[in-house]
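Please open the structure in a viewer and keep the selection tool at hand. The stops below proceed from one selection to the next.

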Amino acid sequence: MTELTLGRGTPDRARLLRLLQDYGVYTGVLVLLLFNFAFTPHFVSAENFRTQAVQVAPVLIVALGMALAIGTEGVDLSVGSVMALATSLLSLYLGYGPWTAALVAVLAGAVVGVANGALIAFVGVQPIVATLALMVAGRGLALVLLPQLKDVHDPDLAALGSGAVLGVPYLALIAALLAVLTAFVVRRTTFGRQALAIGDSRPAARLAGLPVRRVLVLVYVCSGALAAIAGVLATARLAASDPTSLGSLMELSAITAVVVGGTPLSGGRVRVGGTVAGATLIQLLTTTLIKHDLPPSWTQIAQAVVIVLAVYAARERGRR
Amino acid sequence: MKPTALVRRTTARTLLAAGLMSSLALATGCTKSEDDSGSKPSASKQDDAGQVVASPGTASGPTCTIDAYGGQKTDLRTATVGFSQSEKEANPFRIAETASIRAEAKAEGVKLLTANAQSQFSKQISDVQDLIAKGADLLVIAPLNSDGWEPVLRTAAARHIPIVTIDRKINATACKDYVSFIGSDFVEQGKRAADRMIEATGGKGEVAVLLGAAGNNVTTERTKGFEDRIKEKAPGLRIVFRQTGEFAREKGQSVTENLIQSKPGITGIYAENDEMGLGAVNALKGAGKKPGDVKIVTIDGTRNAVQGIVDGWISAVIESNPRFGPLAFRTLDTFTKGEKVGQDIVIKDSAYDKGNAQTDLGKAY
């Protein structure tokens, strides 16, 4: 069910394939790093690694929530809109202080999660349809609340966006903390186990007496709240609230990170470490192409190749 | 242990009710943003930079008269003008454009009907048809797309309604399907940006280009103008980096962060709109650079970018003028009186630099 159950004692070829499936994404990250060490000027510097960590943080945080949703055999398309909603609310409530405003923004993300979860668990709408509805509604609401880009001058938020402790940016620290927390929840808590059981087989989970609906709602609340946190952090980094473009296509980046990281779309399994590596892989890929000044269309093609490879590696897992 | 179905339903209702209540609470007026004092001047209070025609409307180029177009002479003051806006008024350009049309209609005492297509082309087509049905005698259209206007043009032609398009062109015959197009020359904007870049860098060094969204004529024309002029006038200035920032601040920032790490010796950055330029400023600040270390030239002329010049981060901003109101109404007035108007009218874009940024900050939109 989780990555703890590694296949042992299987024939060599199957074992190799298994290893590729489980560690392919890490190999990818390593290969890209080595390539950049060798061929990209000024790549090996603390400043560069800080930049990469800061740039990947919002995508990673959103991807953690997405991994939970995908683990229950669902998907959350509303994450990008939740980021936009969070940035709007953050700007509107900043007068009460940055922490209150951030709290309101995260609360709003959780509310969107409740709506998503309620539609999926109680009304029985397909996750892709339910979250699509909230994706459209969320962006609309964000733009009604804050029709255009607004600068954020709050010093505390600016410090959050660009500050660092012992050389590690706050954004990277928060993302790492949330990743560890998510890994703990998935592996060690009843809630995590129940979510994965539901992803494996919802009817079986129901027959086994699991609180299916409550767990599903909670999963989407987590996803919404994480997306809202990502929205707050992205706003702090940009020093502006931009609901028109913040988080656009974020749902696709997050799904890519999760899938490349080896979490199957069929549910029942969440690889948090793989998701972190998946997000890092996509970030490094984009960075490599930008640093070598290759045309932007190449980035999209390269991403497509990585996704196809990841799906190819995962195809054995799909056949259960 | 197992909750009954009834209990589950109740939980569901409570959850839903709680969700709804909190969203309502959020939406109601207990918001308090950072600067509620209202320091931001509204569009109507702006100094209207007015408009000067760059290419004289009637002196050169093909022209159009009401006799050639069909229809009767009318007085603009008694007519009803319909205005169809293409995109949501969510960015400074669109806000200033609509405000300019409204302000001019008010100043001229013309009855104005407006519609906004919210970036949906089918909505814009029905918007314009609605405007005609509501009795618009003259139309000002900011088209979302260039193609697909046949149904509207047919209706308008049947009633001899003069059409002026602003900021984007439609693919149709001037003086037959529509009267004139009023807009900026994006290639020229790119060339002027190149001139400013040469001036700021002394014509030597390495320049990066933050491109706009791919497949957009604004991007291709602003790039072409810039590159041609650099090649022609400053062979010592090399363009070493071209990446898209998709006209967004966030993307401009992350691309620039990568740029300044891989090419620390970069001399200048040409951003094809203000937002990406402001993203570049953020990135430079984050990398510990000082104002003026890297010369930035941008296009658009929004207030934030002009403020950037005052603060020393941006070297020059080429304006892309959104204030089409005075020119559009003057064109319609001249045309309905029976006089000649130009088919392609180029609006004058001003520019901001160290010399005028402080004094002209009020003109920026």
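Predicted model: local features only at pLDDT ≥ 70, side-chain atom pairs only at ≥ 80, totals over all residues.

Remain in chain A and select helix H4 (residues 98-123) together with helix H5 (residues 127-145). Their axes lie 9 Å apart, and the two helices pack at an angle of about 150°. An angle over 145 degrees counts as roughly antiparallel, and H4(A) and H5(A) are therefore roughly antiparallel to each other. The crossing of H4(A) past H5(A) is right-handed. Display the side chains next: from H4(A), Val112(A), Ala115(A), Asn116(A), Leu119(A) and Ile120(A) meet Pro127(A), Ala130(A), Thr131(A), Leu134(A) and Gly138(A) of H5(A). Seven of the residues in this contact are nonpolar and three are polar, with no charged residue.

Now turn to chain B and select its open sheet of six strands, ordered E8-E7-E9-E10-E11-E14, with mixed pairing. Why is one side of E8 and of strand E14 (351-353) left without a neighbour in the sheet? Both stand at the edges with a single partner strand each, so one side of each has no neighbour there. On average, neighbouring strands are turned by 15° against each other, direction ignored.

Within the sheet, select strand E7 (residues 205-211) and strand E8 (residues 237-244) of chain B, which run parallel and are joined by seven bridges. Ala208(B) has Phe241(B) as its bridge partner in E8(B). Follow the chain from E7(B) through helix H7 (residues 217-233) of chain B to E8(B): this β-α-β crossover is right-handed. Towards strand E9 (residues 268-271) of chain B, E7(B) again runs parallel, with four bridges. Here the bridge partner of Ala208(B) is Ile269(B).

Helix H6 (residues 186-201) of chain B touches E7, E8, E9, strand E10 (295-300), strand E11 (316-319) and E14 of chain B, and its direction makes about 160° with that of E10(B). H7(B) touches E7, E8, E9 and E10 of chain B, and the direction of H7(B) makes about 170° with that of E7(B).

Technical notes
Residues numbered from 1 in each chain as written. Chains lettered and ligands numbered in written order. Axes fitted to C-alpha atoms, helices over the stretch in contact; angles between N-to-C directions. Parallel < 35°, antiparallel > 145°, perpendicular 65-115°, else oblique. Left-handed = near helix turned anticlockwise from the far one by under 90°. Contact = placed C-beta atoms within 7 Å. Nonpolar A, V, L, I, M, F, W, Y, C, P; charged D, E, K, R; others polar. Pairing = 2+ DSSP bridges. Right-handed = clockwise from strand over helix to strand, strands pointing away.
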